[in-house]
Amino acid sequence: QVQLVESGGGLVQAGGSLRLSCAASGRTFSSYRLGWFRQAPGKEREFVASISWSSGNTYYTDSVKGRFTISRDNANNTVYLQMNSLKPEDTAIYYCAARREGKFDYNVWGQGTQVTVSS
């Protein structure tokens with residue numbers, strides 16, 4: 001059974017940093033893309049960043065470019081989201097998700113981790 005477990009969320013002041021981790025288990029992910037999404041109160045879930053497990057190529061939503069960095073540790077089956085220069089509008093529940101390369105839908109999701117940025 002494929003499982004994704006996020007950790008690393010918390011409360012931070014504006015301008016601060018957090019690193020989220022997503023531990024993946026249950027299969028090999030060499031043909032998968034791993035992504036981070038977030039959902040703020042009263043808003044729809046939105047894409048944040050993704051990374052190809054095999055090639056390492058990355059995509060980011062415009063609002064986090066230059067501030068967030070997604071990376072992966074293949075040996076430990078873990079994906080990270082380094083978040084710098086955090087803003088109050090980054091406050092949300094952050095979810096890790098996985099999909100096969102070439103597919104559109106992310107079909108494996110973690111339980112989420114709360115990130116709160118105070119002004």
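Tutor: A salt bridge is a side-chain nitrogen of Lys or Arg within 4 Å of a carboxyl oxygen of Asp or Glu. Keep that cut-off in hand for this predicted model.

Student: Why is the contact of Glu101 and Arg33 called a salt bridge?

Tutor: Their side chains meet at 3.7 Å, N to O. The cut-off is 4 Å, so the pair qualifies. Glu101 sits in the loop between S9 and S10, and Arg33 in strand S4, 68 residues apart.

Student: Is Arg33 called buried or exposed, and why?

Tutor: Buried means under 20% relative accessible area. Arg33 has 3%, so Arg33 counts as buried.

Student: What makes Glu101 partly exposed?

Tutor: Glu101 has 33% relative accessibility. Exposed needs over 50% and buried under 20%, so Glu101 falls in between.

Student: How do you know that Asp62 is exposed?

Tutor: Its relative accessible area is 63%. The cut-off is over 50%, so Asp62 is exposed. The side chain of Asp62 also meets that of Lys65 in a salt bridge, 3.0 Å from N to O.

Student: What makes Asp90 and Arg38 a salt bridge?

Tutor: The N to O distance is 2.9 Å. That is within 4 Å, so the pair qualifies. Both residues are buried. Arg38, Glu46, Arg67 and Asp90 are linked in a network of salt bridges.

Student: How do you know that S1 and S3 pair?

Tutor: Pairing needs at least two bridges. S1 and S3 are joined by 5, so they pair. They run antiparallel.

Student: Why are S1 and S7 at the edges of the sheet?

Tutor: The order is S1-S3-S8-S7. S1 and S7 each have a single partner strand, so one side of each lacks a neighbour in the sheet.

Terms used
Residues numbered from 1 in each chain as written. Predicted model: local features only at pLDDT ≥ 70, side-chain atom pairs only at ≥ 80, totals over all residues. Heavy atoms only, no water. Helix = DSSP H or I, 4+ residues; strand = E, 2+ residues; numbered from the N terminus. Buried < 20%, exposed > 50% of the residue type's maximum accessible area, 1.4 Å probe, protein only.
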